[in-house]
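These are my notes for your first reading of the model. Please keep the sequence and the structure open while you go through the points.

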Amino acid sequence: MLYYILYPLKDYFFFFNIFKYITLRSIAAGVTAFIISLILGPWLIKKLALLKVGENIRSKEVSTSLHDLQNHKKGTPTMGGILIFIATIGSTLLWANLFNRFIILAILSCVWLGVLGFLDDYTKLTKKRSRGLGARQKLIFQFIFGLIVGTVLFLDPFFTTKLDIPFLKNLIIDLGIFYILFVAFVITATSNAVNLTDGLDGLAIGCVIMAGLAFTVLSYVSGNINFSHYLLIPYIPGAGELTVFCASIVGAALGFLWFNAYPATIFMGDVGSLMLGGALGTVAVCIKKELLLGIVGGIFVIEAVSVILQVGSFKLRKKRIFRIAPLHHHFQMLGWQEPKVIVRFWIIASILAMLTLVTLKLR
């Protein structure tokens with residue numbers, strides 16, 4: 001909104017011409033989202049506490065050792081993803097070009113998956129069902145959204161169904177109409193992977209910040225014809241505007257981390273994790289960096305794979321690979337203190353984010 005108010009003033013004052021630059025608006029968006037989070041955070045924490053919207057630590061479905069480690073968190077306000085949602089969407093509405101097709105898809109991803117996560121959290125709290133909505137229900141709604149995004153992009157005459165392969169500039173894989181299913185898989189997988197990572201104070205949101213920073217850079221160069229040609233990556237007209245959206249995510253996430261850092265005074269809940277994962281997946285497909293998502297979101301991938309391997313191994317062999325899954329709890333069972341697990345995962349996430357940016361030149 002501020003974009004539409006301030007930029008037209010260039011006709012009267014040349015100074016306002018600066019608001020056409022994506023870099024300036026992205027910085028403004030990140031700062032705005034951070035401030036919104038800091039201001040609304042204390043109020044939301046008190047409100048959720050009054051409403052008794054607190055974390056429920058499962059006792060029947062986890063090991064006694066893990067329950068003992070996590071039990072002190074019982075009653076901590078959850079559904080803090082509402083704060084991330086407000087800060088991200090609010091900042092994007094203020095600083096982005098709202099007629100940009102990619103911005104519309106990004107906002108829609110936050111709304112669709114944020115509502116899904118809210119219903120999941122609400123079910124846990126009101127129906128006393130520790131797992132919330134059924135896994136099949138969530139997967140269906142996530143996949144439907146992915147199909148919508150995939151169809152919109154497939155029908156876009158300026159978009160391509162070819163995959164951009166990291167490290168290789170001459171290998172081309174055109175999925176054709178199957179690209180729609182591929183997009184649905186990417187968004188669904190990413191949304192769930194972030195959700196699985198959200199198990200320790202600040203763990204998931206810290207990794208989201210690293211991935212968000214990387215995607216901020218990737219969005220900018222993908223939407224800039226000079227940089228994209230120099231780096232030999234697909235140029236996507238209009239994708240640069242997603243830089244503003246990604247910066248909003250980073251700012252909102254940093255503000256949320258202020259309260260979610262160990263020991264957390266609020267948890268994001270599914271309303272935050274499903275939304276953030278889906279938003280990152282949506283950005284990845286919009287800027288044609290679907291495969292790079294596996295690198296920049298390496299922590300999320302590892303966490304998801306650890307659950308898949310654990311479940312598969314137990315069903316097939318009646319044996320567990322890890323002491324408990326997801327992986328972060330396995331390290332807790334090995335005796336690592338929670339802050340150590342969190343920070344070491346952050347370190348890995350930051351290295352993966354840097355490696356992702358390096359792939360732009362290693363082609």
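Which helices do the buried residues of α13 pack against? The points below take this up after a word on the model.

1. Basis. This is a predicted model, in which local features need pLDDT of at least 70, side-chain atom pairs count only at pLDDT 80 or more, and totals for chains, interfaces and linings use all residues. Residues are numbered from 1 along each chain as its sequence is written, and side-chain values use heavy atoms, with hydrogens and water left out.

2. Helix α13. Helices (H or I, at least four residues) and strands (E, at least two) are DSSP runs, numbered from the N terminus. The buried residues of α13 pack against α7, α8 (203–222), α11, α12 (293–296), α14 (327–333) and α15 (338–358); contact means heavy atoms within 4.5 Å. Among these buried residues are I299, F300, E303 and A304. Buried means under 20% relative accessible area, exposed over 50%, and partly exposed in between (1.4 Å probe, protein chains only). Just after α13, K318 has a positive phi of about 60°.

3. Helix α6. The 21 residues of α6 (residues 135–155) should span 30 Å at 1.5 Å a residue, and the 30 Å between its end C-alpha atoms agrees. The expected span is 1.5 Å times one less than the number of residues. K138, Q142, F145, G146, V149, G150 and L153 are buried in α6. Seen down the axis, the buried residues of α6 fall within an arc of 140°, so they line one face of the helix; the arc is that of the directions from the helix axis to the C-beta atoms. On the other side of α6, R136 and L155 are exposed. The buried residues of α6 pack against α5 (101–126), α7 (179–197) and α11 (269–286).

4. Salt bridges. The whole structure holds six salt bridges, each a side-chain nitrogen of Lys or Arg within 4 Å of a carboxyl oxygen of Asp or Glu. One of them joins the side chains of E241 and R25 (2.5 Å, N to O). E241 lies in the loop between α9 (225–231) and α10 (242–260) and R25 in helix α2 (residues 22–50), so the pair ties together parts that are 216 residues apart in sequence. E241 counts as buried at 7% relative accessibility, and R25 counts as buried at 2%.

5. A second pair. Where does K124 lie, and where D270? The side chains of K124 and D270 meet in a salt bridge (3.1 Å, N to O). K124 lies in helix α5 and D270 in helix α11, so the pair ties together parts that are 146 residues apart in sequence. K124 is partly exposed, at 25% relative accessible area, whereas D270 is buried, at 6%.
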